[in-house]
Amino acid sequence: MPRNHHDALFKAVFSQPEQAAAHLRAVLPSEVTRHLDFDHLRHAPGSFVDEELSDRHTDLLFEVESRWGDESAFVYLLFEHQSSPDPLMPFRLLGYLVRIWQHWLGQYPRARALPIVVPVVLYHGGERWNVPSDFASLIDAPDEVRHDLASWMVDFRYLLEDLRGVEDDELRGRALGRMALLLMKHASDGRLWERLPTWITVLQAVLSESGLRAIEIVMRYVIDVEKEPPTEELQRLLVDQVGRETVEAIMSWAQKLREEGMRAGEDVGARRLLHRLIEKRFRAVPESVSEAIEAAHLEQLEAWTDRLFTAKSAEDVVRE
């Protein structure tokens with residue numbers, strides 16, 4: 001799977017406009033939703049997350065047609081998948097908002113006004129979210145001072161959806177979206193296969209609404225988290241509930257993922273070995289050589305390791 005299984009599941013599910021629209025409709029307050037036409041929600045490609053945070057955070061931006069005229073309003077959905085809250089979340093969101101507006105002005109350089117952006121944070125960590133939901137609370141000043149200077153201060157709020165405080169049967173949206181939320185909410189307890197029978201109704205709805213491809217998205221996540229295929233008992237239950245074809249596909253995916261994991265492990269070991277051997281022979285590994293090693297496939301790494309003993313420099317080892 002890509003860098004992070006939470007990231008991959010979130011993007012695979014909620015980058016689909018119909019899944020995102022159903023979810024946002026359910027979680028945003030009525031004073032927001034009544035102004036937005038979710039039937040015309042569009043995914044705006046690109047990411048506004050800081051480069052150094054991209055391994056830990058995933059953002060999705062959607063453009064929604066407003067109900068008050070020809071203008072478009074933006075809904076910005078940020079998925080937070082850290083295991084602990086970020087105390088500077090409002091500040092980080094402010095950076096994302098500025099980037100969104102900068103991107104928008106690049107598209108519409110003659111604009112003299114900016115679109116609305118509604119930040120939404122989806123959180124499923126184990127700790128209680130104890131971060132302020134408004135930007136002004138981050139300012140280091142007494143409440144009285146903040147009140148007196150409010151006209152000169154930046155302020156905005158974001159909507160927090162904390163899955164810890166939502167019962168499983170209260171999760172809203174289309175079936176695939178609900179299943180994704182269930183998985184992310186319970187992934188940390190290491191019992192996804194055990195819980196799956198209690199979610200059979202949702203799984204059946206996923207299959208009915210979105211087909212076998214959606215089941216693959218779900219099961220790839222479960223297999224990636226659990227690292228093991230379902231037990232034979234659970235397989236029999238799944239056959240009864242979702243059909244033999246689906247279970248056979250699940251087992252095929254499980255085998256494929258195990259093979260991918262083994263190959264990935266071999267690649268990591270070969271890279272580490274080549275790094276160490278080059279360092280021992282040439283005392284240092286230049287950055288360009290290190291980058292080439294990280295980008296190479298297993299067969300190439302093995303060939304470079306063989307070449308190490310005749311190469312005159314570290315650069316010679318990886319030269320094509």
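**Notes on a predicted model: patch, cores and salt bridges**

1. Let me start at L149, which sits in the loop between α5 (143-148) and β5 (159-162). Helices (H or I, at least four residues) and strands (E, at least two) are DSSP runs, numbered from the N terminus. L149 counts as partly exposed because its relative accessibility is 42%; the cut-offs are under 20% relative accessible area for buried and over 50% for exposed, with partly exposed in between (1.4 Å probe, protein chains only). Together with V145 and W152, L149 makes a nonpolar surface patch of about 340 Å². Patches take residues with over 30% relative accessible area and no salt bridge, joining like charges within 9 Å and nonpolar side chains (Val, Leu, Ile, Met, Phe, Trp, Tyr) within 5 Å.

2. A word on the ground rules. This is a predicted model, in which local features need pLDDT of at least 70 and side-chain atom pairs count only at pLDDT 80 or more, while totals for chains, interfaces and linings use all residues. Residues are numbered from 1 along each chain as its sequence is written, and side-chain values use heavy atoms, with hydrogens and water left out.

3. How confident is the predictor? The protein chain has an average pLDDT (the predictor's confidence in each residue, from 0 to 100) of 82, and 86% of the residues score at least 70. Helix α6 (residues 175-186) has the highest confidence, at 95, and strand β3 (residues 72-80) the lowest, at a mean of 67. Please read residues 51-56 with their pLDDT in mind: it stays under 50 there, and the model has nine contacts beyond four places in sequence for them.

4. Overall, the protein chain has 14 helices and five strands, and 45% of its 320 residues are buried. Contact means heavy atoms within 4.5 Å; among contacts between residues at least 6 apart in sequence, 65% join residues at least 24 apart. The accessible surface, by the Shrake-Rupley method with a 1.4 Å probe (for residues, only the protein chains shown count as cover), comes to about 17600 Å², and carbon and sulfur atoms account for 49% of it.

5. Now the interior. A nonpolar core is a set of buried Ala, Val, Leu, Ile, Met, Phe, Trp, Tyr and Cys residues joined through side-chain atoms within 4.5 Å. The largest has 53 residues, and L183, L203 and L238 have the most contacts inside it. Helix α9 (residues 212-226) gives the most to this core, with nine residues. Leaving out residues up to four places away in sequence, L203 touches M179, L196, I215, V218, M219, L238 and V242. Apart from this core lies another, of 19 residues, including Y96, A111, Y123 and F135.

6. Finally, the charged pairs. A side-chain nitrogen of Lys or Arg within 4 Å of a carboxyl oxygen of Asp or Glu is a salt bridge, and the count is twelve. R146 pairs with D143, with closest N and O atoms 2.5 Å apart; the two are three residues apart in helix α5, so about one helical turn separates them. R174 and E209 form a salt bridge at 3.9 Å, N to O. Because R174 lies in the loop between β5 and α6 and E209 in helix α8 (residues 200-210), this pair ties together parts that are 35 residues apart in sequence. R191 and E194 form another, at 3.2 Å between the closest N and O atoms. Salt bridges that share partners also join R42, E63 and E65 into one network.
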